[in-house]
Amino acid sequence: MSVTKPSSQGLRAWLLADTPTSRRHAKLSVVYQSWLSFKGNHMAMFGLGILLFLVVIAAAAPLLAPQDPFIQDLSERLLPPGSEGYILGSDSLGRDILSRLLYGSRITLYIVTLVAIIAPIAGLFVGTVAGYAGGWADVILMRITDIFLAFPRLVLALAFVAALGAGIENAVLAISLTAWPPYARIARAETLTIRGSDYINAVRLQGAGPLRIITKHIWPLCISSLVVRVTLDMAGIILAAAGLGFLGLGAQPPSPEWGAMISEGRKFILDHWWVATMPGLAIFTVSLAFNLLGDGLRDVLDPKEGKS
Amino acid sequence: MSNLLDIENLWVKFPTRNGIFDAVRGVSFSLGKERLGIVGESGSGKSMTGRAILRLIRSPGMVTADKLDLEGVDLLGRSEKEMRGVRGKQISMIMQDPKFSLNPVMRVGQQISEAYRLHAKVSKSEAKRKSIEMLEAVAIRDPERVYNMYPHEVSGGMGQRIMIAMMLIPDPKIMIADEPTSALDVSVQMQVLEIMDKLVKDRGMGLIFISHDLNLVSSFCDRVLIMYAGRVVETLAADKLHEAQHPYTQGLLNSLPRLDAPKDRLQVLQRDPAWADEPSVSA
Amino acid sequence: MSEILIEDLNVWFGEYEERVDAVKGASLSVSKGGSFGLVGESGSGKSTILRAIMGLAPTWDGRMEVSGEPLGPKRSRTFYRKVQMVFQDPYASLHPRHSVDQVLSETLSLHGFKDIDTRITKLLDDVGLGPSFRFRYPHQLSGGQRQRVAIARALAPEPEVLLLDEPTSALDVSVQAEILNLLTDLRDEHSLTYLMVSHDLAVVGHICSDIAVMQLGEIVETLTIDDMRAMRTQHSYTKHLLESSLLGAKLA
């Protein structure tokens, strides 16, 4: 039943076809056209490139790192960038900064992925249910959201550390718990707008219940703004994790978490600037990449924007 | 008699993923001190024509014409700065829904005054006085009170009349009205049209009335252009509409349900692809 | 026996000082197989009556009956198998992320039909759209095509009554003619009862045999279409509406 897909010209034409011939065809067509829109935004592609690069180096860290990130060699401490064997220099314990950055990228990715999954999903649930149900459910859920929103991230993290001990997982938990409320608000606002639309009314008139409406009709429309918001928030999340690491509440030494590396390099910043600056540049680059990606995604996914 | 507007071979093109899309294809017409109607369905290019005249089409859209003259002076070659002196002052435009064309956070009187002061160096109080005068001219009772209202506080018909006041206050030579009554109730439509008619006549202006409603345009205008797929397929005097020759015009007329002439089935317009390829009729 | 009976219906929004009465004391009756038109200008309450019947109006009192069964605060699925609605704006009545196929298969499965594929093909055929439209998304459809999909969706549960809320006012003139013809054809094929809302007297005149004229929430007059054509109107507002709409159609 499906049309054959011969040459690449044919494939492109098939994907751009005005009249899809099957469900799969239709979905692939939509994805492809969105990809084409996204590709046109050069800055966003640049951001995507950096992030893909990050994933690659995190995966290949053992292969790429010139040295073991944990081995200390006090005779090689505080070497400037460009030194033999220490391209980006070495830190106060003689560990190669480049290797530590490479392994640290895994931790960054770990934090970012966990938070990016937990916070928006929790926010989506709470926001859409509150927005669709209205009444008491809305009031209660939104007040709970407000309570979490009121917590300063670091204070909550301190509380967690006091209760559960320091560590990456607890840092991630603390960040997620303070990151989900804005998503709930966004999801709720979108739901309130969508709720009264004719297409929602139409499906109610077919006897659809709230569960189906929320999951199949409202979520697909909320997801794009959440995705955009998540990517734009990534920078903040990385910085929050770095901040916790800086305070010693996140990753514990000798873990090569980038924020912790900045903290360790603080003492040496005047004479040995590279110890703190290199991880700082890494954080900056990844944050920038997420921002650019988020911008590009918004242009593609935002349903309000009507480009022809 | 020199014309207010002379347009020859106007083209408006947009680059898209699938090639170049021609929204307006070789349209030519002249406008004197008369009421010219441009009728077409969605996608016919009628709104694009109006916007092209005012050079409101931004890149990547491309506008070309052999001639686009306002009282003999070329419009196409003017810089954006010069066009700002044209828009509002010499040619103004009224759009469909005052909900979307009035600034929702500014009082309406202020918007009218601002429009006036853009083109005339007068004091605020003089502008206010003139604005209130304009509000009276568009048959708004109690203009002082309406001056201080916000757009959401006025009805559709009143909002449109406020737009007319705003657009006519700089005393332009030509008004382009793009579906000005489509968002209004039937009884209000008549009222707004009467006001437009009176003001245009009194000031000796030219009017371009763009609409999808053939009947409305023919009862209101002196001449009618019918557009299809970016081209002008026919041009007629408004009172001769029933003598239309082109099958598209005839099809449009016959596909309308008539209260006084009941039919079992309405005639469905059979689109002939040849219509899109014919050269544009010059008007 | 009437298929739709409304007696002394009041619909309002908000409470106490903020209360807005959208419909006041409306009564009408639509016979089985008949086509009834509700005309009026914006704010007259005509669409609100349709929504009240469908269960989309928040607060109302009075009496509403369909096929002799009184309607309460909620509507059941059996009701929705019998009575369906087509909305005004084809650009707003289809979910932007769902293809035509998804819209129709969801509707069919909600009503418990099993032979979804055959039914979808037949529905698309009935509304004049070929199978090539089946997997398109709304942004790949024109206004008229979207409205056909909306009509197909309304027909999917095989209803007996169709409520039409200004079904052609957002469409081009030539497309309107096609949709109006489609509606009359479907009515004859499926023996449907129509209750249509419009501000356009000519459109109502084409489809309906009886008309109720509404102004500011009240039904000011009910008359047959023949009376309307012969200008045998009683209420001044009806006369005014008639004159305004005929004014725009002066062509011989």
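Tutor: Of the 308 residues in chain A, 36% are buried, a residue being buried if 20 or more other C-beta atoms lie within 10 Å of its own, exposed if 12 or fewer, and partly exposed in between, with C-beta atoms placed from the backbone. This is a predicted model, in which local features need pLDDT of at least 70 and side-chain atom pairs count only at pLDDT 80 or more, while totals for chains, interfaces and linings use all residues. Residues are numbered from 1 along each chain as its sequence is written, and chains are lettered from A and ligands numbered from 1 in the order in which they are written.

Chain A has 12 helices and zero strands; helices (H or I, at least four residues) and strands (E, at least two) are DSSP runs, numbered from the N terminus. Read from the N terminus, its elements therefore run α-α-α-α-α-α-α-α-α-α-α-α. The C-alpha trace of chain A spans about 75 × 55 × 30 Å along its principal axes. Of the contacts in chain A between residues at least 6 apart in sequence, 66% join residues at least 24 apart; two residues are in contact if their C-beta atoms, placed from the backbone, lie within 7 Å.

The axes of helix H5 (residues 97–133) and helix H8 (residues 168–195) of chain A come within 5 Å and cross at roughly 35°. Axes are lines fitted to C-alpha atoms, for helices over the stretch in contact, and angles run from 0 to 180 degrees between N-to-C directions. The crossing of H5(A) and H8(A) is right-handed: a crossing is left-handed if the near helix is turned anticlockwise from the far one by less than a right angle, and right-handed if clockwise. The contact of H5(A) with H8(A) is made by 23 nonpolar, six polar and three charged residues. Here Ala, Val, Leu, Ile, Met, Phe, Trp, Tyr, Cys and Pro count as nonpolar, Asp, Glu, Lys and Arg as charged, and the others, Gly among them, as polar.

Arg298(A) lies in helix H12 (residues 274–301) of chain A. Why is Arg298(A) classed as partly exposed? Arg298(A) falls in that class because 19 other C-beta atoms lie within 10 Å.

In chain B, an open sheet of six strands has the order S7-S8-S9-S3-S10-S11, with mixed pairing; two strands pair if DSSP finds at least two bridges between them. Strand S7 (91–94) and strand S11 (231–237) of chain B each have a single partner strand, so one side of each is left without a neighbour in the sheet. The twist averages 20° from one strand to the next. S7(B) pairs with strand S8 (residues 174–178) of chain B in the parallel sense over four bridges, and Ile91(B) stands opposite Ile174(B) in S8(B). Helix H7 (residues 156–168) of chain B packs on this sheet and touches S7 and S8 of chain B, its direction making about 170° with that of S7(B).

In chain C, an open sheet of six strands, also with mixed pairing, has the order S6-S7-S8-S3-S9-S10. Strand S6 (83–86) and strand S10 (218–224) of chain C are its edges, each pairing on one side only, and the twist averages 15° from one strand to the next. Strands S7 (residues 161–165) and S8 (residues 193–198) of chain C pair in the parallel sense over five bridges; Tyr194(C) in S8(C) is the bridge partner of Leu162(C). Helix H5 (residues 143–155) of chain C packs on the sheet, touching S6 and S7 of chain C, with its direction at about 170° to that of S6(C).

Finally, 27 residues of chain C are in contact with 27 residues of chain B. On the chain C side, helices H6 (173–190), H7 (201–207) and H9 (236–247) each give two or more residues, and H6(C) provides the largest share, seven residues. That side divides into 11 nonpolar, 11 polar and five charged residues. As to confidence, the predictor gives the complex an ipTM of 0.87 and a pTM of 0.84.
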